[in-house]
Structure formats: structure tokens, C-alpha cells
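Try each task before reading its solution.

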Amino acid sequence: MPLNFWQKLQKTGRPILALAPMAGFTTSAFRQICKKYGADVLYSEMASATALYYNQPVGKSRIGKPGRQGKVGPKNQTDRCEGNATLKLLKFNRRREKYYIVQLFGSDPEHFAVATRIIAERVKPDGIDINFGCPVPKICKQGAGCGLMKNLEKSRAVIEAVLKNTVLPVSLKIRVQAGEVDALKFLKNIADLPVAAVMIHGRTLSQGFVGAPDFRIIKKARRYFKGVILANGGINSLTDARQALKKSGADGLGLARGILGRPWLFKEIKSGKIVDLKPKQIFKIALTHAALEQTLAGKTGIIELRKHLVWYMQGLPGAAKLREKLVRVNSLGEIKKILSIII
Ligand SMILES: Cc1cc2nc3c(=O)[nH]c(=O)nc-3n(C[C@H](O)[C@H](O)[C@H](O)COP(=O)(O)O)c2cc1C
């Protein structure tokens with residue numbers, strides 16, 4: 001059996017560094033920036049399996065045969081995703097976003113089955129991930145995200161549905177605890193399934209996004225899970241990264257908020273050295289990011305980018321004034337004008 005990309009990365013013996021999924025943040029432009037600074041794996045924003053199920057793209061066939069890829073629809077990436085908002089959101093640049101994972105959320109195994117086939121055929125990512133960690137009440141109430149993690153039987157059915165419908169490596173993103181179900185119970189329940197990787201957020205559902213993550217539970221997960229394990233939560237510096245790897249014994253890390261405005265954190269962790277950038281250099285990175293966003297998503301992309309710009313300015317001299325202006329920009333030209341005073 002040839003190794004999947006997770007196993008290839010694991011074989012290098014170096015910690016695998018992933019850009020964790022962040023809705024509204026992990027766009028193609030940002031993923032490309034993170035790749036440039038050393039991310040090994042890039043997650044999409046979460047996409048709804050249910051939306052894909054009810055709004056299946058038109059093509060030669062609505063959905064292809066299980067496990068087959070690239071047999072339907074027009075040839076190029078753009079055409080394959082045109083006219084479907086969810087697929088448009090998931091487009092990527094194969095050369096600049098290696099390895100790219102599409103994350104799906106939902107609660108119905110049939111929706112996941114159909115969505116998996118659509119993603120494999122139309123988007124052709126390197127892997128597919130299932131969201132079991134979203135704490136947002138609206139999502140949990142639908143039985144998705146942490147709502148799904150709480151239901152062991154349904155979780156298993158969803159994972160089986162995804163595995164049955166693709167040859168791509170399948171990964172999971174879970175929390176250390178959701179209701180009565182902890183990460184160990186969850187992984188024990190699916191120990192026989194060929195899941196390639198799991199990213200474990202070290203916080204419980206009730207902690208949400210704050211508080212100390214528990215990396216020790218992640219260490220115990222090794223007993224029940226044979227694939228690649230990534231630790232996630234609160235990794236905001238090189239020191240955090242070292243501690244998380246030590247405490248969790250994981251194969252790698254998932255970085256989320258720690259990377260916002262500081263994509264070079266990937267480089268710091270890879271090289272083991274602090275990267276000390278001058279404000280000018282940070283502005284240049286922000287401009288590269290903005291130029292990419294403008295090319296890929298136009299004005300909408302720039303509006304979405306505003307929050308990234310705020311992160312880039314954090315801690316810089318005169319940040320408050322710059323932020324005030326940057327939260328109103330509508331084009332790359334405006335951003336250039338604001339930052340040109342300093343560059
Ligand atoms: C704005 C935002 C959006 C997020 N979107 C997703 C998502 O789409 N899917 C997912 O599994 N987790 C999502 N997360 C959770 C992160 O992937 C990560 O698990 C969490 O932020 C903890 O890591 P951190 O402490 O390094 O930020 C999101 C987090 C934030 C802050």
C-alpha cells in the first residue's frame with residue numbers, strides 16, 4: 001500500500017505543522033501565505049455537507065461513483081466549482097497549497113456521503129476532514145460539530161460514510177471532551193476504521209475557545225488511534241509549540257489564532273529560532289496577502305481581509321490609528337496608500 005501524505009509527513013520525523021481550519025480566515029490567499037512560511041498541511045474553512053447535498057453541482061452526472069475521482073465535469077478547477085457557492089469557497093491552488101484538506105460539517109451520514117463524492121470529484125483536495133469540534137450552539141443543536149461528537153453511534157456512521165465514498169485520506173477534528181464523550185472514548189469507538197489523522201483541540205466543549213488546553217489526554221489517545229495525531233489549542237509561540245509537543249507526544253500541531261497576523265510562526269517552529277521582523281517587513285507580508293486576496297476574491301476578499309489586517313498591526317507602533325483606517329478599506333490600492341506612509 002503506498003503511503004498517504006500524512007504518513008509521508010510523519011516519516012520525516014519532524015513535527016507536522018498544520019494551519020487549523022478557521023471559518024472566515026483560512027481562505028486560499030491566507031493558506032498560500034502560510035504555506036510560504038512552512039505550513040505542511042492547510043485546512044479549508046468548514047463547509048456544510050448539507051448545503052452540498054441540497055445544492056449539488058450540475059455536470060455530466062450529479063454525483064460520481066463512490067471512490068472515483070475526476071471523471072465528471074469540465075476540466076479546469078474554476079469551471080468545476082463555478083455556480084456553487086460552497087464549492088467556490090473551497091477552490092485552491094494545487095501547486096501553492098500542498099497539502100490541502102477540505103473540512104466538512106454536518107450530522108447526516110447520507111449528506112456526508114454525497115458531499116464527499118462531490119468534493120473528491122470537483123475540488124480534488126489532498127484529504128477530507130470531518131468537524132467534531134465546533135462549539136457554536138446553532139451548529140451543535142443541528143447535531144453537527146460537538147453535537148456530533150457527543151453521539152458516538154452517529155459519529156461512527158458519518159465517518160464510515162465518508163470513508164466509503166473516497167480514496168482520499170480522511171481525518172477528524174475533535175475536542176478532548178464534548179458532554180459525556182471524551183477523546184479516548186471517541187477514538188476507542190472508531191479504532192477499527194482506517195482514519196488517517198486526528199487533530200485534537202485540547203479544550204473541552206464547555207471551555208469553548210478560552211482556558212488552558214489539556215495536552216496530557218492527547219498523549220493517552222495514542223493507545224486508541226494508530227494514525228497521525230495533531231495537538232491543537234493555545235499554541236501562540238515557539239515555547240508553546242515545544243511544550244505542546246512534549247506534553248502531548250503528538251506527531252504535530254494545529255495552529256489557529258496564534259498564526260493570525262504572524263504566519264511566520266510556522267517558520268519559527270520549523271527552524272527553532274525566533275523570527276524578529278521589523279514593522280516594514282510585516283507590512284510587506286500584509287500587502288502580499290492583500291494582493292493575493294484581491295486577485296482571488298476581488299472586493300469581497302479585501303473586505304474579508306480587514307480582520308487579518310488588524311491582526312498584522314497588533315503590537316506595532318501606531319497600531320490603533322492604522323487599524324482605524326484599515327477596517328474601512330475596500331481595495332488593495334487603499335491598503336497600499338495607508339501602509340506607504342511607513343514602507
Ligand atoms: C474564527 C475561528 C474560526 C474557526 N473555524 C473553525 C472551523 O471552521 N472548523 C474547525 O474545526 N475549527 C474552527 N475553529 C477552531 C480552530 O481550528 C481551533 O481549534 C481553535 O481556535 C483552538 O486553537 P487556538 O487556541 O490555536 O486558536 C475556529 C476558530 C476560530 C477562532
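**Exercise 1.** Find the contacts of valine 123, leaving aside neighbours within four places in sequence.

*Solution.* Start with the rule: two residues are in contact if their C-beta atoms, placed from the backbone, lie within 7 Å. Valine 123 then meets Cys81, Leu87, Leu90 and Val102. Next, locate valine 123: it sits in helix H6 (residues 109-123). Helices are DSSP runs of H or I with at least four residues, numbered from the N terminus.

The model is predicted: local features need pLDDT of at least 70, side-chain atom pairs count only at pLDDT 80 or more, and totals for chains, interfaces and linings use all residues. Residue numbers start from 1 along each chain as its sequence is written.

**Exercise 2.** Decide whether valine 123 is buried or exposed.

*Solution.* Buried needs 20 or more other C-beta atoms within 10 Å of the residue's own, exposed 12 or fewer, and partly exposed lies in between; C-beta atoms are placed from the backbone. Valine 123 has 21 C-beta neighbours inside 10 Å, so it counts as buried.

**Exercise 3.** Describe how H14 and H15 are arranged.

*Solution.* Take the axes of H14 (residues 279-313) and H15 (residues 319-326): they come within 9 Å and cross at roughly 170°. Axes are lines fitted to C-alpha atoms over the stretch in contact, with angles from 0 to 180 degrees between N-to-C directions. The helices are therefore roughly antiparallel, a term for angles over 145 degrees. Finally, list the residues that meet: Arg306, Leu309, Val310 and Met313 in H14, and Ala319, Leu322, Arg323 and Leu326 in H15.

Notes
Helices (H or I, at least four residues) and strands (E, at least two) are DSSP runs, numbered from the N terminus. Angles under 35 degrees count as roughly parallel, over 145 as roughly antiparallel, 65 to 115 as roughly perpendicular and the rest as oblique.
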